[in-house]
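Here is a guided walk through one structure. Keep the sequence and the 3D view open while you read.

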Amino acid sequence: MNQIVDSLQYIKPEISAAIFLVVIVIVDLVMGKNKKYLSPIMIIGLLVTGFFIIDQFKFSSFAFMSENNKYGLLSIDSFGSFFKLLIVFSSIIIVFFTISSDEIKKAKERLGEYYTLIWGMILGMFFMIIAADLIVIYLAIELLSLSSYVLAGITKDTLRNSEASLKYVIYGGVSSGIMLFGISILYGITGTTNIYEINGLLQSQQIQGLIVTLSAILIFAGIGFKISVAPFHFWTPDVYEGAPITITAYLSVASKAAGFALLFRFTKITFIDSINADGSWNIISLIDWRSFLIIISILTMTLGNFAALWQNNMKRLLAYSSIAHAGYLLLGLIAFSNEGMMAVMIYFVIYAIMNLGAFFVVMLIANKIGSEELDDYKGLGKTAPVLTVSLGIFMISLIGLPPTAGFIGKLYLFLALINSNMILIAFIALLNTVVSVYYYVRVLKYLFIDSSEKEIAPFGVTIPNLILLLILVIPTLILGVYFTPLVEFAKYSITLLGF
Amino acid sequence: MEIPIEYYLLLSAFMFIVGVVGVLTRRNAIIVFMSIELMLNSANLTMVAYSSFLGNSVGQLFVFFVMTVAAAEAAIGLAIIIAMFRNKKTLNIDEINILKW
């Protein structure tokens, strides 16, 4: 009993998120048709949650331990706090997106539910990031999934919206079913659901490698669905295209960040044997986890990049680009070293900024011209110079060219890979980057070189949107040349509880 | 006479495969959902069988959570199916195809 009360201090951010979820519901109920207080409450709630995360940044402890057990349900460490901060940051940006989104304005009567479900997603992601027990992992993934299924179809009147939602719920249900089956097998052969205890058992006892591999692959199906790696990526383009842009941006950044945090924690804690002095990990030799991940990663980036080549819808193109980026990010895990983990953390901050920026510009353009098709983007370079130049910067950053931030992200990833002697993989990833230049530059060609048949009146950006845009553009440029603080921050928060 | 654990595991593996095949081959969205429920329940059966075999209550505890989540998922799935049906007047997932490639 004492343990439970003591543990509450470690989950202050989660408690704050849960309280604000209820606050949003109550305010929405009391205020009725008046929706103007909801967004400010969201921002306040996110700032309070962010404050609690910073407050406990350096905590390193288990929460909710049982009496005869030295491990707990949740593990609180700076690695988790880093990803939680990233999620709070992207949530704040998403609230501002929502305020200026025309798509959400049409469904204004459902704004209360929309924000409630966003809190549901945040809560799910927080627990995913700190979960140290298979039960918590499963419940957190489901909390995140169930909220995002509904959010993908929140405007429900358009056909593509409900289609996205239906496809998401079917793919999501199947992958969570597969994951649950994997969890049940892993529980059966180890007799425990705590990943630290499973690690101890895998190290000491003679357990059949084949069945561990089977259950690990089945569990990977559930996590892989969240981070949209091949062959679990089929939902990504459909859902990203059909969902409202605010939700698409949120899924592509926050939900993926949580998925990667979970994947890192699960892989490192469950399958690690020991850590060498130089920070590389020795993985338990029962299963060939590395070859499996290499195949998945190469498949993901190749598929993402090549499928993106012939896309004509901007949201769909960014969806395939985000699949390709999931492939690059897996490279950081394949390195199996603390350096790779740090590279992924750096890359994720940069990826969040540039991807949110790209979606923001797409949304602002869609607000004006009512379309996300590339054919309608022709000649926009002349009519909307501010927006298109920023989109250009984000595209160059997504390719990974200097002097933008994307270059630094890719540089650290490839360095981590080369330092663990996987030059061939790094070379394949580099070739993939070259392929990706084509479709990113194609967008720029439509914007700046082609001219439109239709006459579009020049349009600018409103001042609040311009400020938000600058908040995203300036880091994209500055982090490309002055990245030391980010690297130091990632280095500072690399501690993963236990190893 | 006690039933050996292999029987339970075989039954649950069979249920899981029936669920997967149902998802892949059935065309009606509601039946696809039923197949997903079957997959979840096969995992539940494995968990309960192991829990009783190992004399460890964690597995049965897990099953309660899974049943709750499955109920929530079914509710959300049916709500989304209704939203879809209002727009399209069909539940055949082959005809729900405006988003592709």
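A:Ser390 is buried, at 5% relative accessible area. Buried means under 20% relative accessible area, exposed means over 50%, and partly exposed lies in between, with a 1.4 Å probe and protein chains only. A:Ser390 sits in helix H17 (residues 385-399) of chain A. Helices are DSSP runs of H or I with at least four residues, strands are runs of E with at least two, and both are numbered from the N terminus. A polar atom of the A:Ser390 side chain lies 2.5 Å from the backbone oxygen of A:Val386. Beyond its neighbours within four places in sequence, A:Ser390 is in contact with A:Val361, A:Leu469 and A:Val473. Contact means heavy atoms within 4.5 Å.

A word on the source. This is a predicted model, in which local features need pLDDT of at least 70 and side-chain atom pairs count only at pLDDT 80 or more, while totals for chains, interfaces and linings use all residues. Residues are numbered from 1 along each chain as its sequence is written, chains are lettered from A and ligands numbered from 1 in the order in which they are written, and side-chain values use heavy atoms, with hydrogens and water left out.

Turn to helix H3 (residues 38-55) of chain A. Among the buried residues of H3(A) are A:Leu38, A:Ile41, A:Met42, A:Leu46, A:Thr49 and A:Ile53. An α-helix has 3.6 residues a turn, so residues three or four places apart point the same way. The cover over the buried residues of H3(A) includes helix H2 (12-31), helix H4 (78-99) and helix H6 (111-130) of chain A.

Next comes A:Arg110. This residue is in the loop between helix H5 (102-106) and H6 of chain A. Is A:Arg110 buried or exposed? At 14% relative accessibility, A:Arg110 counts as buried. Its side chain has a polar atom 2.9 Å from the backbone oxygen of A:Ile154. Leaving aside neighbours within four places in sequence, A:Arg110 is in contact with A:Ile154, A:Thr155, A:Lys156 and A:Asp157. A:Arg110 also forms a salt bridge with A:Glu109, with the closest N and O atoms 3.5 Å apart. A salt bridge is a side-chain nitrogen of Lys or Arg within 4 Å of a carboxyl oxygen of Asp or Glu. A:Glu109 is partly exposed, at 49% relative accessibility.

Over all chains, the whole structure holds 13 salt bridges. One of them joins the side chains of A:Glu241 and A:Arg316, at 2.7 Å from N to O. This pair links distant parts of the chain: A:Glu241 is in helix H11, A:Arg316 is in helix H14, and they are 75 residues apart. A:Glu241 is buried, at 11% relative accessible area. A:Arg316 is buried too, at 3%. Both belong to a network of salt bridges that links A:Glu163, A:Lys167, A:Asp238, A:Glu241 and A:Arg316.

Helix H11 of chain A also holds A:Val239. At 0% relative accessibility, A:Val239 counts as buried. Not counting residues up to four places away in sequence, A:Val239 touches A:Ala152, A:Ala164, A:Tyr168 and A:Leu251.

Now look across to chain B. How many residues of chain A are in contact with chain B? The count is 40 residues of chain A, against 42 residues of chain B. The two chains bury about 3,600 Å² between them, 78% of it on carbon and sulfur atoms. Buried area is the accessible area (1.4 Å probe) that two parts lose on being put together, summed over both. In chain A, A:Leu166, A:Phe181 and A:Tyr187 lose the most area to chain B, together 18% of what that side buries. Across this interface the rule finds 0 salt bridges. Helix H7 (134-152), helix H8 (159-190), helix H11 (235-242) and helix H14 (314-334) of chain A each supply at least two residues of the side that touches chain B. The largest share, 21 residues, comes from H8(A).

Methods. A polar contact is a pair of N or O atoms within 3.5 Å; within protein, one must be able to donate a hydrogen and the other to accept it, and residues adjacent in sequence count only if both atoms are side-chain atoms.
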